[in-house]
Amino acid sequence: TDKDQPINITAEQATIDDLKGVAIYEGNVIVTQGTIRIEADKVTLTYTQKQTLDKVILDGNPARFKQRPDNSKEDLNAKASKMEYFATENRLQLTQNAEVWQGKDTFTGQRITYDTERGIIKANQKVQVTIQPRQQSSSSTPAN
Amino acid sequence: MDKEQWAGWTLLLLVAGFSTIWLYRMEKDSAIMSEEDLSRVPDYTLGRFTATQLDKTGLLQHRLTAETMVHYPVIETELRAPVLFFYDKGQPAWQIVAEQGRVSPDNKNLWLLGETIMERQSVAPTEQLRLISRDVWIQVEPQTAETIEPTTILGQNAETHSVGMKVYLPTHVLELRSQVRGRYVYQ
């Protein structure tokens, strides 16, 4: 799965504070991990003393996230002014102008949560959901 | 004396006059050169050199060693194969090795030249770290190491590259100045 892959980061500058376990990357930041691709103006990683990833905060105008969920044919895309990824919970939380879409299905709202391992989306606070009806395959005859 | 003799004497006098001025100038220049040259002549040289600095509480703060140290009266001291150790509460924290080194006359600045390898000891909670670069400028106070050269940082499960870096040795904060590329394997 994506989570087991190494993380690659490119940025213009970075400040790494090992005592506090915080690394801040700024300027055209691109983060990739397996099928995950993140683009943001600023990415803040916090990690534990045992060097395990704890949390990732993305800030951008907007920050963008893309992933090809397991067993899925289409990428899941997300954008928001602010995203927080909680590594131990596999939870990506989008706030401020959040939008998530996969194919023609879209979710928008003030706050959307996406489970990156199970591919589940939860949205609250002024949510708008657009789910496109699935095309009936020609072999199956519609019920009358 | 006829005209020709006068002309000869006059020419002779002119030559003598110019030669005297020329010789006087030559002698003056060489006098200045010698002062400047003197400052470039070492006043002492040491082999297997070690200098140790303690902090106010008597604990080791930093230690500088070198295969040879050449000291000049005015200009910077030269070091060959210098190794600089920084301690934290008496514990070894950083070791910095370089090919050459220069120390400013006031001992506040140190330039570690050529390939320079900084190693941080693994003292909890920080992990071992190895920083490979060139031409690093050390300020003894506030204990910073800085370069504009390409840098590679190797951690336990991370490898980061940048161009330009500043390290705050006491707080272990690294500022990577440009073109940052990192690869991390988090558990």
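The residues lining the largest cavity divide into 10 nonpolar, four polar and two charged, where Ala, Val, Leu, Ile, Met, Phe, Trp, Tyr, Cys and Pro count as nonpolar, Asp, Glu, Lys and Arg as charged, and the others, Gly among them, as polar. The model is predicted: local features need pLDDT of at least 70, side-chain atom pairs count only at pLDDT 80 or more, and totals for chains, interfaces and linings use all residues. Residues are numbered from 1 along each chain as its sequence is written, chains are lettered from A and ligands numbered from 1 in the order in which they are written, and side-chain values use heavy atoms, with hydrogens and water left out.

The volume of the largest cavity is about 180 Å³. Its lining has 16 residues, of which A:Ile16, A:Asp18, A:Tyr47, B:Ala158 and B:Tyr184 are the closest to the centre. On a 1 Å grid over the protein atoms alone, a cavity is a set of points where a 1.4 Å probe fits but cannot get out, while a pocket is an open set with protein on both sides within 12 Å along at least five of seven lines; lining residues have an atom within 4 Å of a point. Grid points are joined across faces, edges and corners, and a volume is the space filled by probe spheres set on the points. At least two lining residues of the largest cavity come from each of strand S3 (22–33) of chain A, strand S9 (158–168) of chain B and strand S10 (173–184) of chain B. Helices (H or I, at least four residues) and strands (E, at least two) are DSSP runs, numbered from the N terminus.

The structure holds two cavities of 30 Å³ or more. Two or more lining residues are given by each of S3, strand S4 (36–47) and strand S5 (53–67) of chain A. S5(A) provides the largest share, four residues. By class, this lining has 11 nonpolar residues, one polar and no charged.

At the interface, 22 residues of chain A are in contact (heavy atoms within 4.5 Å) with 23 residues of chain B. The two chains bury about 2,000 Å² between them, 53% of it on carbon and sulfur atoms; buried area is the accessible area (1.4 Å probe) that two parts lose on being put together, summed over both. Nine residue pairs across the interface are in polar contact, both residues being at pLDDT 80 or more. A polar contact is a pair of N or O atoms within 3.5 Å; within protein, one must be able to donate a hydrogen and the other to accept it, and residues adjacent in sequence count only if both atoms are side-chain atoms. On the side of chain A that touches chain B, strand S1 (7–11), strand S2 (13–17) and S4 of chain A each supply at least two residues. That side of chain A divides into 11 nonpolar, seven polar and four charged residues.

Over all chains there are 15 salt bridges (a side-chain nitrogen of Lys or Arg within 4 Å of a carboxyl oxygen of Asp or Glu). One salt bridge is found across the interface of chain A and chain B. A:Asp18 forms a salt bridge with B:Arg120, with the closest N and O atoms 2.6 Å apart. A:Asp18 lies in the loop between S2 and S3 of chain A and B:Arg120 in strand S6 (residues 109–120) of chain B, so the pair joins two chains.

The second largest pocket has a volume of about 310 Å³. Of its 15 lining residues, B:Ala51, B:His62, B:Leu64, B:Val103 and B:Asn107 are the closest to its centre. Strand S1 (44–54) and strand S2 (60–71) of chain B are the elements that give two or more residues to this lining, and S2(B) gives the largest share, five residues. The lining of this pocket divides into eight nonpolar, six polar and one charged.

Most residues other than glycine have a negative phi, and most peptide bonds are trans. The peptide bond from A:Asn61 to A:Pro62 is cis, with omega near -10°, and A:Pro62 lies in strand S5 of chain A. Also cis is the bond from B:Glu141 to B:Pro142, with omega near 15°; B:Pro142 is placed in the loop between strand S7 (129–139) and strand S8 (144–154) of chain B. A:Asn90, a residue other than glycine, has a positive phi near 50° and lies in the loop between strand S6 (76–86) and strand S7 (91–102) of chain A.
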